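Notebook open. I want to look up a few things here and jot down what turns up.

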Amino acid sequence: MQLWYSEEQTPHVEFSIKIDKQLYSGKSEFQRIDVFDSQEFGRFLTLDGFMQLTEKDEFIYHEMITHVPMAVNPNAKNVLVIGAGDGGVIRELTRYKTIGQIDLVEIDKMVVDVCKEYLPSTASCFDDKRVNIFYEDGLRYIRRYENKYDIIIVDSTDPFGPGEGLFTKEFYGNCFQALTDNGIMVNQHESPFYEKDAAAMQRAHKRIVENFPVSKVYQAHIPTYPSGHWLFGFAAKTLHPIKDLNAEKWNALGLKTKYYNTNLHRGSFALPTYVEDLLKDVENAE
């Protein structure tokens, strides 16, 4: 008998992976958590039936959401990560010796515990002495701070369920207040390809534009995410993601990456015309 994981990406499209076995299934206070093992993608994590990461392609997402802001602000000392219970962003951040403090806010402790046990390739650096973990709602946490963080990385789930509050105008405004003058916020920005995902992307972009003087979007190809075409948001008070890219300093760090590089950094902000049009529609809306 063959076992398949299938995720409905639209009412007319499903994405399926043949699985060898299910390693874990449980339900926390917030969501259902499953871990599967597959021949093609290795182990992978789903929350409420939606793909979060696979061992084979997670490096793309985690490198692009982490190294893009760090290459623009390589002097960042204090970093806040919201979501990211799988540990992939933390793993990438701990590679920077210059960072002094990494605060992780994750609403669901069970996600962290499950990933530590079943996905050690991403959940390998939670014990770094610079990492402080707070198990609480990110929207509530961010309200407390002003001018504290150099970088905020919002590695949220999709804009419904536990992650819904991380796509609101209030949340983005609070992130703006919590950032230093050279602060940067980066978030996963959904896919522009399918209609429902594109609408969610536009809503998030509109709310970020309303709060940040600098608001740009960049892209990556992530095979196991809906359509494979994924966007990230770059928002800042002053720094521009291309004009202020410090490629020489970042390359001097000698970090070995599998996807990110500073040439790709520049190119990732060159978007297809249909995506530019989607963004302009909300930027120009009254």
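Which residue in strand 8 is the bridge partner of valine 105? I looked it up: valine 105 is bridged to phenylalanine 134 in strand 8.

Before going on, a note on ground rules. This is a predicted model, where local features need pLDDT of at least 70, side-chain atom pairs count only at pLDDT 80 or more, and totals for chains, interfaces and linings use all residues. Residues are numbered from 1 along each chain as its sequence is written, and side-chain values use heavy atoms, with hydrogens and water left out.

**Entry: strands 7 and 8.** I found strand 7 (residues 101–105) running parallel to strand 8 (residues 131–134), with four bridges joining them. Helices (H or I, at least four residues) and strands (E, at least two) are DSSP runs numbered from the N terminus, and two strands pair if DSSP finds at least two bridges between them.

Entry: I then traced five antiparallel strands, in the order 1-2-3-4-5, that form an open sheet. Strand 1 (3–10) and strand 5 (50–54) are its edges, each pairing on one side only. From one strand to the next, the twist averages 45°, the angle being taken between N-to-C directions of lines fitted to C-alpha atoms, on a scale from 0 to 180 degrees. Inside this sheet I checked strand 3 (residues 32–38) and strand 4 (residues 42–47), which are antiparallel and share six bridges. Serine 38 has glycine 42 of strand 4 as its bridge partner.

**Entry: cysteines.** How many disulfides does a search of the whole structure find? I got zero, with a disulfide taken as a pair of cysteine sulfur atoms within 2.5 Å. For cysteine 115, the closest cysteine sulfur is in cysteine 125, 14 Å away, so it is too far for a bond. Cysteine 115 is also buried, at 0% relative accessibility (buried means under 20% relative accessible area, with a 1.4 Å probe and protein chains only).

**Entry: cores.** I looked for nonpolar cores, meaning sets of buried Ala, Val, Leu, Ile, Met, Phe, Trp, Tyr and Cys residues joined through side-chain atoms within 4.5 Å. The largest has 63 residues, and Val81, Leu93, Phe232 and Phe234 touch the most other members. Helix 1 (residues 58–72) supplies its largest share, nine residues.

Technical notes:
Buried < 20%, exposed > 50% of the residue type's maximum accessible area, 1.4 Å probe, protein only.
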